[in-house]
Amino acid sequence: MVDPVHHLIGLTPPITVALAFALPLLSLIVKSRRFAEVYGVSATAIAAILTAIAFYYVYLVKSPVVYTFGAWPPPVGIVYEVDKFNGLLGLVVGVVFLLVAVYSIEYLKHRSGIEWYYTLLIGMEAGMLGVLYTGDVFNLFVMLEVTSVTAYGLVAFYRSRKESIEAALKYAIVGSVATTIYFIALAIIYGSYATLNMAQIAFKTMSKVDYFFYLIGGDRLWITYTPMIAVGGAAALALALWAFSVKAAIFPNHFWLPDAHPAAPSPISAILSGLLVKVGVYAIARFLYTLFHAAQPEVLVDSALKYVVEATLYALIVLGALSALIAGILMVAQSDIKRLIAYSTIMHIGYIAMGLGLATKLGLEAAIYHTINHAVAKALLFLAAGAFIHVVGTRNIDELSGVGRLMPITTLTFIIAAFSLVGLPPFNGFVSKYLLYMAFIEKGWAPLTAIIVISSSFALIAYVKIIYGVWLKAPVKELKGIKDPSPIITIPLLILAFACVFLGIASPYILDKVITPSVVDLAYNPLNYVSEALKILTQALGG
Amino acid sequence: MNVLIVMIKLTVIMILVALSLYSTYIYVRKHRGIIKAKYKFQPYGCGEELTREQVSVGSRGLYWSVVSKVFNKLYMILREKIHTGVLGDWFSLMIIFLVVIVIVLIALSLIGVFG
């Protein structure tokens, strides 16, 4: 008997997809704008509750939850496998989407086509949760496409603007190239490992025998390993991680991001910057650390694969450092507030990539904590910038001069987000950057901390430019009737600002109870991930 | 060292530094002994009428001059060669990197297998 909570966790992405597809049909019957808004918020609230249940459950039961679709066990059927790592990221996705759905009511109140907006928004959430929860590399491809297609649509939401159409097309072309590369990687994975199930791949990179196939009906435990598998593994790893680096916007695959983020509506920019790029980060981490055991290369059955994994980690650090520096320099030169923030995303993804490349426990803790902190702070920064744009009607920093004094709540939340991203204490960004410094020093690579210091100082210049402009500079045009927007916009801002402070002040507790266990599940307990899938297979066979 | 202790120490130091700088600024402003004349605050543009936007430093100029002087060459390389925003440029750059990475990783795996 499957625990009912397993059904809830496993069905979270399909339920969200169903909610997305139902909206256009229902809006044919109920032709009311208010209905679409309430529906959108309710659907994201349901998803947030389900992700919270998943998070609570995986931290409570202390082992990954495996859900089999149609009761087909792994590796035959598609499974969703939620451990502490993806359970945590799922919760962040659920909460941020809910806040964005609420914020969108006011932000897009003068726009038509709101039912399509919420359809795409809920669809994107379903895709992201699918990418996070899936335990199947092919299903990851499918859910990645669901996420991407909805994202292209949302970037082009202002379909009367040329820049939105251009940005969406550019994003779609770049994204399609990336998913095609990932598809080639999948073919190589299947050709090399004869499976698409993540747990089975993780097992086969550790063992010379295939225990999954033995359980299904093999007459004896055959040795399936050949040394040449390592070559396939190397090619697959290179192609898959390259595709994910496009989704994560790591240099040189960051081209789409500075165009797409400003062109989209601000709540969508918050999702793209705070969450969507993290999908790429998640996939990189899952492939490197769960499937190819980068934190414990000694468990790899193949010594050739060890070289490959080590080289990949070095590449990740180099590309991460280049992302941070290049984005830092380009960030200062911007006069469009959203474009400036978009470059900051590339910089922070660079930090996360560097943390992932260290392959130490502290480095991974720093990377995962920074992933969460950046998601919260960047969503806040985009939503606060969106509030300025919503009220004043411009993205130009010069034209926003002086509005800060008239919008104190928005400005305060903007400053909290900016200080958090720059890495000032006591905000959350400080803690994860501090951990990253310590991780570099622990590894003996202290000079690399200079890259974070230099790029952070560029970020400080850029943010001070905005804060000085909106708060201290005299207005360049008459600002009549300008005030903080309605609570529908300011309440999500205040919640995220509180989260920035809370994640900073409560960091010792969060690190101990949440981040470290998620790092252990991701990278240091591969047998746990594999054995849960094996347990399901044994149960399905009546064992 | 405990993260919380580090954070508290740094926060206190930052607040103290900010407070001391701000109180110095207030003190200097109070005691500078200059009598302000209103006309000094009117922008003078050789008889031309100037808007506030024209007399204030634009966001492009603010703080950017340091960066543009020190890193100008690098910025121009980035803008003209690496980050043009043209898809064809991205594609060629991406393919070069991808081919290098795939070749290096496959070569390493072959060295591992046969070496």
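**Notebook: chains A and B**

I began where the two chains meet: 46 residues of chain B are in contact with 58 residues of chain A. A reminder to myself is that this is a predicted model.

**The interface**

Next I looked up the area. Chain B and chain A bury about 4,700 Å² between them, and 81% of that lies on carbon and sulfur atoms. I then asked which helices of chain B supply at least two residues each to the side that touches chain A. They are α1 (3–31), α2 (52–55), α3 (64–70), α4 (72–82) and α5 (87–114). Helix α5(B) gives the most to this side, with 17 residues.

I also went through the polar side of the interface. The rule finds zero salt bridges between chain B and chain A. For polar contacts, it finds two residue pairs across the interface, both at pLDDT 80 or more.

**Chain B by itself**

I noted five helices and zero strands, and from the N terminus on the elements run α-α-α-α-α. Of the 115 residues in chain B, 21% are buried.

**Helix α15 of chain A**

Is α15(A) enclosed by the rest of the structure or open? I counted 29 of its 32 residues as buried, so α15(A) is largely enclosed by the rest of the structure. Just after the helix, I found A:Gly393 with a positive phi of about 85°.

**The core**

I moved on to the largest nonpolar core, which has 232 residues. Helix α15(A) turns up again here, giving the largest share of this core with 21 residues. Which residues have the most contacts inside the core? They are A:Tyr182 and A:Tyr289.

Setting aside neighbours within four places in sequence, I listed its contacts as A:Val137, A:Leu140, A:Phe141, A:Ala240, A:Ala243, A:Phe244 and A:Phe287.

**A glutamate in α22**

My last stop was A:Glu532, which sits in helix α22 (residues 526–540) of chain A. Is A:Glu532 buried or exposed? Its relative accessibility is 12%, and buried means under 20%, so A:Glu532 counts as buried. Not counting residues up to four places away in sequence, A:Glu532 touches A:Ser63, A:Pro64, A:Val66 and A:Glu81. One of these partners, A:Glu81, is worth a click in the viewer.

Conventions. Residues are numbered from 1 along each chain as its sequence is written. Chains are lettered from A and ligands numbered from 1 in the order in which they are written. This is a predicted model: local features need pLDDT of at least 70, side-chain atom pairs count only at pLDDT 80 or more; totals for chains, interfaces and linings use all residues. Side-chain values use heavy atoms; hydrogens and water are left out. Buried means under 20% relative accessible area, exposed over 50%, partly exposed in between (1.4 Å probe, protein chains only). Helices (H or I, at least four residues) and strands (E, at least two) are DSSP runs, numbered from the N terminus. A nonpolar core is a set of buried Ala, Val, Leu, Ile, Met, Phe, Trp, Tyr and Cys residues joined through side-chain atoms within 4.5 Å. Contact means heavy atoms within 4.5 Å. Buried area is the accessible area (1.4 Å probe) that two parts lose on being put together, summed over both. A salt bridge is a side-chain nitrogen of Lys or Arg within 4 Å of a carboxyl oxygen of Asp or Glu. A polar contact is a pair of N or O atoms within 3.5 Å; within protein, one must be able to donate a hydrogen and the other to accept it, and residues adjacent in sequence count only if both atoms are side-chain atoms.
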